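Please look over the sequence and structure below.

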Amino acid sequence: MSKEKPHTQIAQVPTGWQTRSDVAFRIVVHVFGAAVVVLLGAIVFEVMRHAGGSMLKYRLGFFSGSVWDANRDQFGIFPEVAGTLYTSFWALLLGGFLGVTLALILSQGFLSRRGELVMKNVVELLAAIPSVVYGLWGIFVLVPLLRPIAGWLNDHWGAFPLFSTRLSGPGVLPASLVLTIMILPTITAVSREALAAVPPRLAAAAYGLGATRWEVIFRVMLPTASAGIFGALVLGLGRAFGETMALAMLAGNAQTFSWSLFSPGNTLAALLANHFPEAGEYEVNALMYAAGVLLVITLTVNILGSLIMMRATAGLRGLR
Amino acid sequence: MADATTESPDGSPELRFSFANRRTLVDRSLTVLAIGLAAFALFPLFSVLYMLIVRGGHLLSPSLLTELTPGAGMEGGGIGNAALGTLIVVVVASLFSLPLGILAAIYLAEYAGESQLGTIVRFAGKVLTGMPSILAGVFAYAAIVVTTKSFSAFAGGVAMAILMVPTIMLTGEQALRAVPEKMRLAALGMGASRMETTLRVVLPTALPGILTGVMLALARAMGETAPLLFTALFSDYWFDGKLGAPIASLSVLIYNFSGSPFAHLSELAWAASLVLVALVLVLNVAAQVIIRRPKEF
């Protein structure tokens with residue numbers, strides 16, 4: 001604008017301050033957006049940098065060794081890797097079964113709209129309780145509850161590998177049960193979403209042909225939503241691998257692995273929680289190696305789960 | 001399916017409800033089984049709440065929140081330093097995570113569009129959501145505790161901030177995207193710049209949704225133990241104004257006292273759990289109330 005304008009004119013070009021602050025703001029939000037990626041990169045880099053030394057030192061023997069002795073500078077995480085997989089397996093088996101059942105009840109018209117909302121909030125409440133509180137509950141409620149049952153099973157079925165020891169306190173079974181509770185909300189929420197994404201007219205068509213509710217569920221809903229439910233299980237598995245406190249308190253912190261449900265064990269995350277606070281220099285480096293292993297496993301599982309979810313929702317688009 | 005339907009004397013399928021029909025029987029039994037399993041799955045929640053009230057409730061008193069943690073074998077005392085410590089760590093964490101999370105959310109909702117960087121940022125946020133919380137602690141340990149050679153409240157705050165950022169960012173993005181496009185267009189049409197539109201129209205409108213995300217992040221952070229275990233550590237004394245020193249927290253107190261052979265300490269662990277769960281639930285309910293407030297566009 002070349003000539004001076006009276007102030008009454010409505011339209012005006014942006015002032016210099018407006019233009020410059022706008023550009024500055026644009027740059028600031030881009031930097032902060034990128035900072036989230038940098039943060040993730042920094043976490044991976046920092047853990048791997050500290051793990052590097054002990055990776056070269058202990059190499060792959062780290063995975064097969066069963067000794068964890070800071071005084072002799074001997075470290076191995078075989079019991080932890082096996083224990084993480086074993087407890088997560090039981091948690092996923094139970095949590096998957098219960099979680100999908102809950103998701104069905106929340107999405108297939110078993111309850112009124114109001115009832116579904118209340119139930120959904122209750123499941124979210126389950127996720128809101130801190131894991132350390134579940135750990136405390138496990139120690140004082142679950143373990144005393146399980147001990148006589150475990151004793152009976154060991155007396156009568158002791159030859160069976162799963163029941164080959166007695167439950168003296170912490171152990172694989174209470175740890176897996178609490179882990180089940182911890183992954184239940186994730187599995188429920190994600191599979192509920194997968195079930196809700198199935199176009200209603202598929203179910204309506206089946207009902208119209210005379211199918212009962214469970215026939216619709218087993219032959220229409222679950223097969224159609226199977227990719228999404230599988231994604232929910234993978235995400236639940238990712239949570240189970242990384243869950244720390246409940247396992248640090250209930251798994252028993254034992255440097256052994258046993259198939260028995262009642263014997264103490266350990267997991268990668270619990271190892272970190274139990275040893276980090278008092279570790280010396282060598283042990284810290286070995287723990288960083290273990291943390292790196294945990295990081296790689298959980299990131300892989302989570303990225304896999306997210307990709308499956310993305311493809312699952314994309315796959316349903318054609319049915320709409 | 002005709003074989004499964006009972007037939008009436010005149011040969012037409014019987015449409016009246018009857019458990020004699022195998023399909024009806026299977027259907028109803030599965031429903032009962034599913035509801036039973038759901039009740040079984042939710043039993044731990046009610047058991048936890050019951051135990052918190054029974055074992056933690058009787059210690060509730062003003063002195064619980066004003067006195068220091070007792071030493072092993074001692075009677076009395078409270079959890080005052082731990083409750084204060086949790087609040088301080090959460091404040092430190094918020095100082096980092098609020099600006100980062102909200103500005104990143106603004107980037108995702110207002111500037112990223114379908115760009116490649118936007119997709120990467122969103123994916124990084126999802127990956128951070130699923131990252132085990134103990135790894136945030138390992139990162140803060142490696143980056144801060146090792147460098148400063150001291151466990152500190154500051155390191156604990158940083159570890160906790162990492163857990164809050166993705167929640168704040170992803171829920172913030174949803175809230176900002178829910179603001180109708182016509183409000184942006186109206187502001188731009190009035191001659192506002194994009195920054196002015198974002199800060200003075202979009203952000204205030206989306207504030208309830210963003211606050212919900214912040215509350216949920218705070219609730220989650222408050223209950224986290226693993227990232228504090230070897231960053232903030234624990235302290236038996238009051239916070240003395242130094243962020244560079246170890247600090248107590250409710251969650252670490254529960255962990256430390258849970259394994260204690262002294263009955264009084266485990267009672268205090270239950271009391272601390274009750275206080276912690278109450279704080280977390282209040283934040284969760286507040287988040288729900290904010291988001292339910294009726295909006296008019």
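## A pocket between helices

The second largest pocket has 21 lining residues. Nearest its centre lie L94(A), L142(A), L146(A), L177(A) and F40(B). Both chains are therefore named in that central group. The model is predicted. The volume of the second largest pocket is about 420 Å³.

Which elements give two or more residues to this lining? In chain A they are α3, α5 (131–157) and α6. In chain B, α1 (22–57) joins them. Helix α5(A) contributes the most, with seven residues. By class, 20 of the lining residues are nonpolar and one is polar.

## The contact between chains A and B

How many residues does each chain bring to the contact? Chain A brings 79 and chain B brings 80. Together the two chains bury about 6800 Å². Carbon and sulfur atoms account for 81% of that area.

Polar links are also present. Twelve residue pairs are in polar contact between chain A and chain B, with both residues at pLDDT 80 or more. On the side of chain A that touches chain B, helix α1 (residues 16–58) gives the most, with 22 residues. That side of chain A holds 57 nonpolar, 15 polar and seven charged residues.

## Charged pairs

Side chains of opposite charge can pair when their charged atoms come close. Over all chains, the structure has 15 salt bridges. One salt bridge crosses the interface of chain A and chain B. Its partners are E215(A) and R23(B). Their closest N and O atoms are 2.8 Å apart.

Another salt bridge lies within chain A. It joins the side chains of E46(A) and R49(A), at 2.9 Å from N to O. Why are these two residues separated by about one helical turn? E46(A) and R49(A) are three residues apart in helix α1 of chain A, so about one helical turn lies between them.

## The largest cavity

Two cavities of 30 Å³ or more turn up in the whole structure. The largest has a volume of about 60 Å³. Its lining counts 14 residues. Closest to the centre are G83(A), V172(A), P264(A), G265(A) and N266(A).

Two helices of chain A give two or more residues to this lining: α3 (78–107) and α6 (172–196). Helix α3(A) gives the most, with three residues. Is the lining of the largest cavity charged or not charged? It has no charged residues, and divides into six nonpolar and eight polar.

## The second largest cavity

The second largest cavity holds about 40 Å³ of space. Its lining consists of V81(A), T84(A), L85(A), F241(A), L268(A) and I297(A). Helix α3(A) supplies the largest share of the lining, three residues. Five lining residues are nonpolar and one is polar. None is charged.

In the second largest pocket, α3 of chain A is among the elements that give two or more residues.

Key: Residues are numbered from 1 along each chain as its sequence is written. Chains are lettered from A and ligands numbered from 1 in the order in which they are written. This is a predicted model: local features need pLDDT of at least 70, side-chain atom pairs count only at pLDDT 80 or more; totals for chains, interfaces and linings use all residues. Side-chain values use heavy atoms; hydrogens and water are left out. Contact means heavy atoms within 4.5 Å. Buried area is the accessible area (1.4 Å probe) that two parts lose on being put together, summed over both. A salt bridge is a side-chain nitrogen of Lys or Arg within 4 Å of a carboxyl oxygen of Asp or Glu. A polar contact is a pair of N or O atoms within 3.5 Å; within protein, one must be able to donate a hydrogen and the other to accept it, and residues adjacent in sequence count only if both atoms are side-chain atoms. Helices (H or I, at least four residues) and strands (E, at least two) are DSSP runs, numbered from the N terminus. Ala, Val, Leu, Ile, Met, Phe, Trp, Tyr, Cys and Pro count as nonpolar, Asp, Glu, Lys and Arg as charged, and the others, Gly among them, as polar. On a 1 Å grid over the protein atoms alone, a cavity is a set of points where a 1.4 Å probe fits but cannot get out, and a pocket is an open set with protein on both sides within 12 Å along at least five of seven lines; lining residues have an atom within 4 Å of a point. Grid points are joined across faces, edges and corners, and a volume is the space filled by probe spheres set on the points.
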